Amino acid sequence: MDKVKIAVIGGSGLYSLLENSEEWKTETKYGKTSDTIKIGKIAGKKIAFLPRHGSGHSIPPARVPYIANIEALSQLGVKRIIATNAVGSINLKYKPGDFVLFDQFINTTHRPDTFFNEEKVVHVSSADSYCSELNAIALKAGRKIGLPMRKKATVIVVNGPRFSTKAESRYYSMIGGDVINMTQYPENVLAIEKAMCYLGIGIVTDYDAGVFKGTKTASLHEVNKKFNENITKLKELLSEIILNIPEKRSCSCKNSLDNAEAAK
Ligand SMILES: [Zn+2]
């Protein structure tokens with residue numbers, strides 16, 4: 001298998017992105033990936049695609065095999081991950097239909113979240129865990145094709161699968177969250193532990209429960225409807241981003257393991 005340097009993680013609605021794809025089945029030492037990994041081309045570049053929840057959307061957020069997924073992509077040679085997500089808004093400025101680029105997360109889950117549980121202890125920095133180079137490329141790409149882009153967002157990661165209570169929503173908004181999601185953690189930090197670049201794109205599907213007067217709480221059906229309405233735009237955005245990714249990385253993501261190992 002030739003090396004693949006860029007991967008997209010997202011919903012199964014993105015399958016048709018890839019031209020002439022082939023499948024790569026693998027089982028890592030951390031277990032099976034969410035699904036077989038599809039490998040094909042976008043904008044002339046070789047891309048791996050992994051549906052986060054499995055092809056039939058059968059894996060809930062807390063049971064996504066994040067560690068196996070990132071390990072498998074690392075084995076393929078992936079250096080850059082583009083992750084797509086549905087998000088709820090807890091900031092009135094972030095409207096349904098907006099495309100947001102995450103620059104910070106607040107994790108509220110207690111999921112296994114490291115490759116370094118044995119043999120050695122490694123403390124990577126997650127101060128700026130989203131790739132600034134990919135973020136800039138994505139912002140430019142989105143604006144070029146006329147999408148309502150938000151260049152920054154703090155994403156609150158909740159365990160799910162349930163949506164938040166009104167009180168939780170208000171709390172998450174008060175502590176600085178802009179949007180809520182169930183899958184950014186630990187996917188983002190595991191990529192950092194592999195010295196990969198990670199871009200997180202959210203599509204705002206609704207306002208989260210009870211934060212703003214006059215906005216109604218969305219059902220899963222409505223969330224899915226809003227996400228699907230935007231899938232064509234998302235595909236266009238991904239193609240434009242991938243087209244503009246340079247061969248060499250000029251960001252600091254590749255150095256994330258430097259000086260991170262605890263002294264013995
Ligand atoms: Zn980077």
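This is a predicted model: local features need pLDDT of at least 70, side-chain atom pairs count only at pLDDT 80 or more; totals for chains, interfaces and linings use all residues.
The protein contains 6 helices and 13 strands. Its C-alpha atoms fill a box of roughly 50 × 45 × 35 Å along the principal axes. A compact globule of 264 residues would have a radius of gyration near 18 Å, and the protein agrees with this because its own value is 18 Å. Buried residues account for 44% of the 264. Of the contacts between residues at least 6 apart in sequence, 81% join residues at least 24 apart.

The largest nonpolar core holds 71 residues, and those with the most contacts inside it are Ala-7, Ala-48, Ile-81, Tyr-198 and Leu-199. Strand E13, residues 197-207, supplies the largest share of this core, with 7 residues. In soluble globular proteins, nonpolar side chains tend to be buried together. Ala-7 shows which parts of the chain meet: leaving aside residues up to four places away in sequence, Ala-7 touches Ile-47, Ala-48, Leu-50, Leu-73, Val-78 and Ile-81.

The partners of E7 can be taken in turn. Strand E1, residues 6-10, runs parallel to E7 and is joined to it by 4 bridges; here Ile-9 stands opposite Ala-83. E13 also pairs with E7 in the parallel sense, over 10 bridges, with Val-87 opposite Val-204. Strand E12, residues 179-181, runs antiparallel to E7 and is joined to it by 2 bridges. The bridge partner of Gly-88 in E12 is Ile-180.

H3 covers residues 166-174, and its buried residues are Glu-168, Ser-169 and Tyr-172. These lie on the same side of H3 because they cover an arc of only 100 degrees around the axis. The face turned away from that buried side carries the exposed residues Lys-166, Ala-167 and Met-174. After H3 comes Gly-176, whose phi is positive, near 110 degrees.

Helix H6, residues 231-244, has 14 residues and reaches 20 Å from its first C-alpha to its last, close to the 20 Å expected at 1.5 Å a residue. Its buried residues are Leu-234, Leu-237, Leu-238, Ile-241 and Ile-242. Seen down the axis they fall within an arc of 130 degrees, so they line one face of H6. An α-helix has 3.6 residues a turn, so residues three or four places apart point the same way.

The last stop is Asp-113, in the loop between strand E9 (104-107) and helix H2 (132-144). Asp-113 counts as partly exposed because it has 17 C-beta neighbours inside 10 Å, whereas a buried residue needs 20 or more. Not counting residues up to four places away in sequence, Asp-113 touches Pro-186, Val-189 and Leu-190. Its C-alpha atom is separated by 13 Å from that of Asn-159, which is 46 residues apart from Asp-113 along the chain.

Technical notes:
Residues are numbered from 1 along each chain as its sequence is written. A nonpolar core is a set of buried Ala, Val, Leu, Ile, Met, Phe, Trp, Tyr and Cys residues joined through C-beta atoms within 7 Å. A residue is buried if 20 or more other C-beta atoms lie within 10 Å of its own, exposed if 12 or fewer, and partly exposed in between; C-beta atoms are placed from the backbone. Two residues are in contact if their C-beta atoms, placed from the backbone, lie within 7 Å. Two strands pair if DSSP finds at least two bridges between them. The arc is that of the directions from the helix axis to the C-beta atoms. The expected span of a helix is 1.5 Å times one less than its number of residues. The radius of gyration is taken over C-alpha atoms; the globule rule is 2.2 Å times the number of residues to the power 0.38.
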